[in-house]
There are 2 protein chains.
Amino acid sequence: MKGINMIQLAKELGLSVSTVSKALGDSHEISANTKKRVLELAKQYKYKPNPFASNLRKKKGKQIAVIIPDIVNNFFALAVDGIESVTMSKHYDTFIYLTHENLEREKSVLEHLENGLISGLIISVCTGKEGYGHFQQFYENTKLPMVFFDRVPDLLQFPKVITNNYESTHEATLKLIKSGCKRPVFFATTEPLYTSIERRRGFQDALQSQGIAFSDDMVVNCSDDMEENYNTLRKLFMSKKRPDGVFASIEKYVITAYQVCKELKLNIPKDIKLIGMTNMRTAALLNPSLSTLAQPAFDMGKEAATLLLKMIEKKSYAAANDIIVLENELTLRDSV
Amino acid sequence: MKGINMIQLAKELGLSVSTVSKALGDSHEISANTKKRVLELAKQYKYKPNPFASNLRKKKGKQIAVIIPDIVNNFFALAVDGIESVTMSKHYDTFIYLTHENLEREKSVLEHLENGLISGLIISVCTGKEGYGHFQQFYENTKLPMVFFDRVPDLLQFPKVITNNYESTHEATLKLIKSGCKRPVFFATTEPLYTSIERRRGFQDALQSQGIAFSDDMVVNCSDDMEENYNTLRKLFMSKKRPDGVFASIEKYVITAYQVCKELKLNIPKDIKLIGMTNMRTAALLNPSLSTLAQPAFDMGKEAATLLLKMIEKKSYAAANDIIVLENELTLRDSV
């Protein structure tokens with residue numbers, strides 16, 4: 001016999017695996033007689049304990065899930081690093097689930113997590129149109145602690161970690177206007193995310209404060225299809241109503257804007273000034289260097305994880321309405 | 001009573017949850033009498049089935065784990081997208097685990113996965129010094145299908161998806177030399193990864209083929225600490241033995257090299273020519289635009305997932321020695 005595992009031992013002895021396991025671990029719950037039977041057969045078969053199994057038991061329940069839209073995005077990648085900086089030090093395992101901006105996938109992940117293996121969730125929602133009833137339903141079914149960050153369901157009573165999207169977009173838009181933009185536009189996601197709505201509001205109010213009339217065509221909706229975005233921007237930048245400034249609220253649209261300007265030989269910042277919400281490390285190295293409004297991604301992840309572990313470990317922790325607001329950082333470079 | 005779940009129903013009836021579940025699902029395994037008892041009590045308590053539970057059962061076992069070092073790296077982020085392009089279409093759930101280049105963490109993830117929930121693994125190993133015995137041990141304990149990609153344990157008999165690291169690094173190094181470099185250096189990871197060894201061999205052989213003597217100080221080991229890397233490169237680029245060319249085998253070192261050159265006012269490509277292994281979308285937009293050796297990250301993930309699902313679904317599939325080799329793509333831009 002090449003080797004025997006605990007299940008086979010249990011079968012041969014007519015005992016449960018749990019009894020065999022406890023007997024091998026010399027548990028006080030098991031009679032001396034049973035222990036003797038187990039140990040003798042184990043010896044006979046040269047039973048070698050699975051080195052992983054005992055560790056596994058110790059870890060039961062030290063697991064959290066992180067649900068995010070995307071990782072080909074520096075913001076979420078850094079946020080995950082922030083989350084893990086906390087969870088690893090507290091010996092929690094982290095499962096990462098990507099929704100790819102697909103609501104059905106988001107629901108399916110929640111279904112999967114209902115099996116009770118995890119002790120809490122950290123979530124940044126995808127751009128769904130249907131609202132967030134599935135999160136409320138999940139909570140009612142499981143009562144698991146949940147913390148949302150960045151893209152949060154604004155109307156649900158869960159703890160949240162967000163940033164000052166309204167104020168910081170307002171400030172960035174003012175910089176565009178004060179550096180000479182008269183027709184700035186706002187690159188947005190199509191779907192009505194809370195973060196986008198706040199940013200858009202900051203953009204609009206900044207225009208208004210400077211006497212620039214806002215019109216709907218100043219909001220350019222981008223899709224998840226890169227080619228479609230490329231064509232949208234190409235058309236916009238070639239049109240008579242070409243904007244002279246852009247506030248891009250999503251990282252990938254910034255890169256597309258640079259690519260289109262390069263192709264059309266438009267000069268940044270002379271023809272178009274640009275500020276992008278992004279955490280990309282190459283911002284200062286681009287040609288020209290990119291002005292950024294950066295979210296404190298790592299810290300947001302860290303705060304969310306700290307809050308979640310508090311809720312998990314002190315079961316009485318009443319955090320349902322906690323909202324932690326961190327500040328975005330505006331860095332002006334050559335693109336403005 | 002606010003509502004009752006299946007566990008409470010089972011308790012009150014003195015039945016197992018599984019029996020109650022089967023009774024509610026009208027299973028032929030359950031006697032008519034038991035079904036009647038269950039349904040009557042369920043009706044009495046206005047039992048509402050958990051909408052997630054039945055879906056959950058259907059999905060049992062349709063889960064794979066992906067173990068990678070890092071996601072703040074375009075290569076791994078794109079590879080995960082490639083993996084999920086396959087797994088999502090086949091209705092597998094994907095768990096992502098990050099090892100953060102930490103061998104203990106890698107072992108701990110494997111321990112966690114021994115609980116049998118998943119049906120297979122896709123892995124890119126971390127930079128451990130101890131070899132890969134823990135993967136072999138995991139396989140012996142679980143017999144779960146495993147596919148490695150990019151960073152593979154070269155001596156273990158598992159299916160692998162890799163790229164032509166030797167040939168493509170050889171080609172890229174030749175381009176550096178032919179564009180005038182006489183003292184190129186190779187930026188490497190400290191740890192002896194198979195991918196690094198192959199790339200380094202390609203670099204050395206290219207030098208030799210052009211009559212340039214190789215010396216150990218032509219390999220610059222970078223660490224995972226960004227500040228340390230910055231200081232290493234700063235010192236190197238200020239030294240008398242300043243290299244006139246760089247082949248950077250890891251994405252994050254490319255960005256650091258640009259930052260240091262910017263600070264020291266060194267001109268790329270005049271003072272230092274640079275080719276980086278990277279999948280970053282901003283490569284063509286950097287100042288100057290970056291010459292890249294890009295791995296087909298998305299396709300590698302796709303191939304790995306396709307292979308793994310084959311192994312899972314056709315249990316007889318003998319792929320233990322399959323090695324799929326894809327080609328890296330060299331794109332020369334202004335940095336050379």
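Axes here are lines fitted to C-alpha atoms, for helices over the stretch in contact, and angles run from 0 to 180 degrees between N-to-C directions. Helices (H or I, at least four residues) and strands (E, at least two) are DSSP runs, numbered from the N terminus. The model is predicted: local features need pLDDT of at least 70, side-chain atom pairs count only at pLDDT 80 or more, and totals for chains, interfaces and linings use all residues. Residues are numbered from 1 along each chain as its sequence is written, while chains are lettered from A and ligands numbered from 1 in the order in which they are written.

**View 1. Helices α1 and α3 of chain A.** Helix α1 (residues 6–13) of chain A packs on helix α3 (residues 32–44) of chain A at about 120 degrees, with the axes 11 Å apart. α1(A) and α3(A) are therefore oblique to each other; angles under 35 degrees count as roughly parallel, over 145 as roughly antiparallel, 65 to 115 as roughly perpendicular and the rest as oblique. From α1(A), L9(A), E12(A) and L13(A) meet R37(A), V38(A), L41(A) and A42(A) of α3(A). Contact requires C-beta atoms, placed from the backbone, to lie within 7 Å. This contact of α1(A) with α3(A) has 5 nonpolar, no polar and 2 charged residues. Ala, Val, Leu, Ile, Met, Phe, Trp, Tyr, Cys and Pro count as nonpolar, Asp, Glu, Lys and Arg as charged, and the others, Gly among them, as polar.

**View 2. Helices α5 and α12 of chain A.** The axes of α5 (residues 74–87) and α12 (residues 297–313) of chain A come within 7 Å and cross at roughly 40 degrees. α5(A) passes α12(A) in a right-handed crossing. Contact residues include F75(A), L78(A) and I83(A) of α5(A), and F298(A), M300(A) and L309(A) of α12(A). The classes in this contact of α5(A) with α12(A) are 12 nonpolar, 5 polar and 3 charged.

**View 3. Open sheet of chain B.** Six strands of chain B run in the order β7-β6-β8-β9-β10-β12, with mixed pairing. Strands pair if DSSP finds at least two bridges between them. β7 (219–222) and β12 (329–331) of chain B are the edge strands, each pairing on one side only. Twist averages 20 degrees from one strand to the next. β8 (residues 245–248) and β9 (residues 273–277) of chain B pair in the parallel sense over 4 bridges. F247(B) stands opposite I275(B) in β9(B). Helix α8 (residues 165–178) of chain B lies across β6 (184–189), β8, β9, β10 (291–294) and β12 of chain B, at about 165 degrees to β8(B).

**View 4. Contact between chains A and B.** Chain B contributes 35 residues and chain A 36. On the side of chain B that touches chain A, α5(B) gives the most, with 6 residues. That side of chain B divides into 16 nonpolar, 10 polar and 9 charged residues. Of the interface residues of chain B, 100% are also interface residues in chain A, so the copies meet through the same surface.

Methods
Contact = placed C-beta atoms within 7 Å. Left-handed = near helix turned anticlockwise from the far one by under 90°.
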